[in-house]
Amino acid sequence: MANADILSRHSCGFNLSLQKGSDENVGMGSIYNTFIESIVNNPDYPGTISSNPKVFPVVFHVFINGGVEIPDFDPEYILEHVNYNFLGSHISFETAKIDPDGNILATPGLNIVDGSTISEVRGEVGSNGTTTHTYVEDMVAVTENLSDAREVPGVTLNYLYTNYRWSIDNNERYLNVFVVNRLRAGSLIDGRDSSVYMSAEHPYVAEQLSETHKFNCAIEFATLGNCYYDKYGNIFTKGGPTDAVTNFGYDYLASNIKTNSPYNSYLFRGGDTGFFRQRGRSLVHCFGHMLGLTHPSTQLRELEKECAGDTNVFSDTLNNNTVYKDNISDTENVKFGEIGVDYNAWYTTNECSDDDNTVFTSASNHMTISQREGPPGVELGGPSTIFTAGQVLWMHANCEVEFYGESGFHPGILKEILIHSNDVIPTIINTDIEPCELIQARSTKNTAKEIGGADFKIVDDEVPIFRGLLNAIKKLKEHHQNG
Amino acid sequence: MALDLKLNISTTDDCRNLIIEDSTGVYDALNNPGGWGGINLESTAEVEDIKLYIKVHHFIGDVQYNTTVNISELINYIVLPFEGIVEGFKIALPSHVLSTEVANQLAFELPEVPEEYNSLMEVIEDGIYQAVVQVTDVVSDPVQFNCICSISKEVDKMLSKIDLHCNDCDTRDKERALLAKSLLENMENIG
């Protein structure tokens, strides 16, 4: 399947990750789905797992000098907006404080990379020759080839991921977010350059294809939110998640040296006639994918938009002719699940629903519409945009995954990051307590008491999980014997 | 500090007995200030001075019960390292004794014991258990034990039936077995 089928006209490049999983037979259906379903579909689980707070360390790799400047780029400010959209989910994001070498970051969560030094030689020596692509002139290619004959120009995302992502001793410790000037996905039929604006990897696919498929998110500056200056050169007001307007601390310089055209048109820069007013929502969408969510409906080929059928996207093999649902019971079936449309289309019709009242809900889901929203002059975000309870549970379930391989047990990527989060977002230890107080506290631990006072622990949350896992294994055993 | 009773809980390999062992150790001011003797309670006591309370978190059908039992006649199941010395005691509680105690307690608490409940279990039922031991007037903290003895054996059987190195085989059984092993690990670590 050509990548163009996946990326053309999409705003989000996540489906490429799913397609790769399908192509490489990573077992999205037989293993991943069973694993997550055994947690999610147990009626006893939701309150337990979803109430367990999870904090992910995030590092932004910000590529400058490729047509952008960052007069006030602030990861903590950006995550403030992201966390606002995750309110109530018990999932949040915090800037990493420590780099992979153990140094304290000057600006938490920020790794600035000089894009002017980045180039990639592409093409096979001896065939059609090689071409050098630079970040400054060619920007970033989401994938190498539009088809066998046509390549997407730019330094490939895979090159950036391989050379600039952070890990510690090859172990996952961060959510790596790559912020770049532009993500290119080739040419559309009408000849325009296609962007996907952002891309992210599914944790299970990344887990299974760890050698070639890195667990990252990439996003254009313009997609984060409003830029620093308006079109008159005035600085946009910097507001919080509930304020009317804001800026996200970056700006595009005039034009691309090679094409002599703007790196990103003003329409895509959040100006007063632009569409990008989502205040960090694309990053929320991105993190949703990294925590295991798909779009509510998935259609790989874009020729005709259709509503999803009954087939679950977590199938072992994906094909062009099927529109898949996300396997989450409380999300809605929508067309255009991966692309941005103008707000009028979303707020007036949903052709996949018989209930007019559902339109607003479907349009406002973080995993449905990700890129453009709001009429001119209005920035939208926050509580009108939601994750459903099913999506929140699905994300939590992905954080609980552990795998058993031939070399023993190991946590999934997300659990690995959470287990070791203290390595990069260290907890401040309260040293105000006098040692004597600690001793005093311990010395009263086991005083003699009547049996009535020997309180058993409350394990109300743990028993149903235990039971659910027990039943899941019994179910697997039945299939094992019958298979 | 006061005596800090410590317990190890396990099952026998055949899953037929629940084992509760004292692992408190001997008093040492530096390394084990909560141990037996020294400034703490001496370990000279009789079996009659020991009481065992077990809270069983179990299901009958789809209904969850949290049943606390006081094991009577402990003298029949306890072994002391030396007569009159309780340090290092070991209790081996047969499954049918525990299930009978649970049934008795249910009969006391409920109008009638659910029919599905087997009061003479042959193996320790998989589930979550908490144990508290009282020696004279010293009570241990509750110790949680996630019993996965029986289901572990089922998973081992699943694993033993697959050939991990067969590239041409149908991989579904392998996937199921590995997944089951993964879920088993989660069960063990709950709590």
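Tutor: Let's start with what a contact is: two residues are in contact if their C-beta atoms, placed from the backbone, lie within 7 Å. Keep in mind that this is a predicted model.

Student: Okay. Leaving aside its neighbours within four places in sequence, which residues is A:Val179 in contact with?

Tutor: Setting those neighbours aside, A:Val179 touches A:Phe60, A:His61, A:Val62, A:Phe63, A:Ile219, A:Phe221 and A:Leu224. It also belongs to the largest nonpolar core, a set of 151 residues, where A:Val58 and A:Val179 have the most contacts.

Student: Now the chains. How many residues does each of chain A and chain B bring to the contact?

Tutor: Chain B gives 45 residues and chain A gives 37. On the chain B side, the elements supplying at least two residues each include β3 (50-60), β7 (127-135) and α2 (149-160). The largest share, 15 residues, is from α3(B). Sorted by class, that side of chain B holds 22 nonpolar, 11 polar and 12 charged residues.

Student: And how do I read a sheet? What is the order of the open sheet of four strands in chain B?

Tutor: Read across the strands: the order is β1-β2-β6-β5, with antiparallel pairing. At the edges sit β1 (7-11) and β5 (78-79) of chain B, each pairing on one side only. β5(B) is joined to β6 (residues 90-94) of chain B by two bridges, and B:Val79 is found opposite B:Lys90 in β6(B).

Student: Which helix packs on that sheet?

Tutor: Helix α1 (residues 95-109) of chain B does, touching β2 (17-22) and β6 of chain B. The direction of this helix makes about 75 degrees with that of β6(B).

Terms used. Residues numbered from 1 in each chain as written. Chains lettered and ligands numbered in written order. Predicted model: local features only at pLDDT ≥ 70, side-chain atom pairs only at ≥ 80, totals over all residues. Nonpolar A, V, L, I, M, F, W, Y, C, P; charged D, E, K, R; others polar. Pairing = 2+ DSSP bridges. Axes fitted to C-alpha atoms, helices over the stretch in contact; angles between N-to-C directions. Core = buried A, V, L, I, M, F, W, Y, C linked by C-beta atoms within 7 Å. Buried ≥ 20, exposed ≤ 12 C-beta atoms within 10 Å, placed from the backbone.
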